[in-house]
Amino acid sequence: MAVSECPACTYHIPVGNLQEGDTIKCPDCGVLLKLVRAFPPIFEEVQEG
Ligand SMILES: [Zn+2]
């Protein structure tokens with residue numbers, strides 16, 4: 001399964017069946033991330049507010 005690093009804590013997050021543009025919370029540090037690119041998978045921190 002594809003994984004990509006959390007940009008905040010470098011935890012390796014399984015991408016699973018996420019689509020480009022989907023958001024997920026990092027299971028390690030809890031930051032909100034968006035999958036900005038599906039292949040190769042790249043997570044980017046979402047700035048809330
Ligand atoms: Zn994290």
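This is a predicted model: local features need pLDDT of at least 70, side-chain atom pairs count only at pLDDT 80 or more; totals for chains, interfaces and linings use all residues.
Residues are numbered from 1 along each chain as its sequence is written.

Let me start with the chain. Its secondary structure comes to 0 helices and 5 strands, where helices (H or I, at least four residues) and strands (E, at least two) are DSSP runs, numbered from the N terminus. Along the sequence this reads β-β-β-β-β, and the C-alpha atoms fill a box of roughly 30 × 20 × 15 Å, taken along the principal axes. Of the 49 residues in the protein chain, 10% are buried, a residue being buried if 20 or more other C-beta atoms lie within 10 Å of its own, exposed if 12 or fewer, and partly exposed in between, with C-beta atoms placed from the backbone.

Now to the sheet. Three strands form an open sheet in the order β3-β4-β5, with antiparallel pairing, and two strands count as paired if DSSP finds at least two bridges between them. Because β3 (23–25) and β5 (41–45) stand at the edges with a single partner strand each, one side of each is left without a neighbour in the sheet. Neighbouring strands here are turned by 40° against each other on average, direction ignored; the axes are lines fitted to C-alpha atoms, for helices over the stretch in contact, and angles run from 0 to 180 degrees between N-to-C directions. Between β4 and β5 the antiparallel pairing runs over 5 bridges, and R37 has I42, in β5, as its bridge partner.

That brings me to L33, which lies in strand β4, residues 32–38. Is L33 buried or exposed? L33 counts as buried because it has 22 C-beta neighbours inside 10 Å. Leaving aside neighbours within four places in sequence, L33 is in contact with C6, T23, I24, C26, F43, E44, E45 and V46, contact meaning that the two C-beta atoms, placed from the backbone, lie within 7 Å. L33 also belongs to the largest nonpolar core, whose 5 residues are C6, I13, V15, L33 and F43; such a core is a set of buried Ala, Val, Leu, Ile, Met, Phe, Trp, Tyr and Cys residues joined through C-beta atoms within 7 Å. Finally, Q47 is 14 residues from L33 in sequence and 8.8 Å from it in space, C-alpha to C-alpha.
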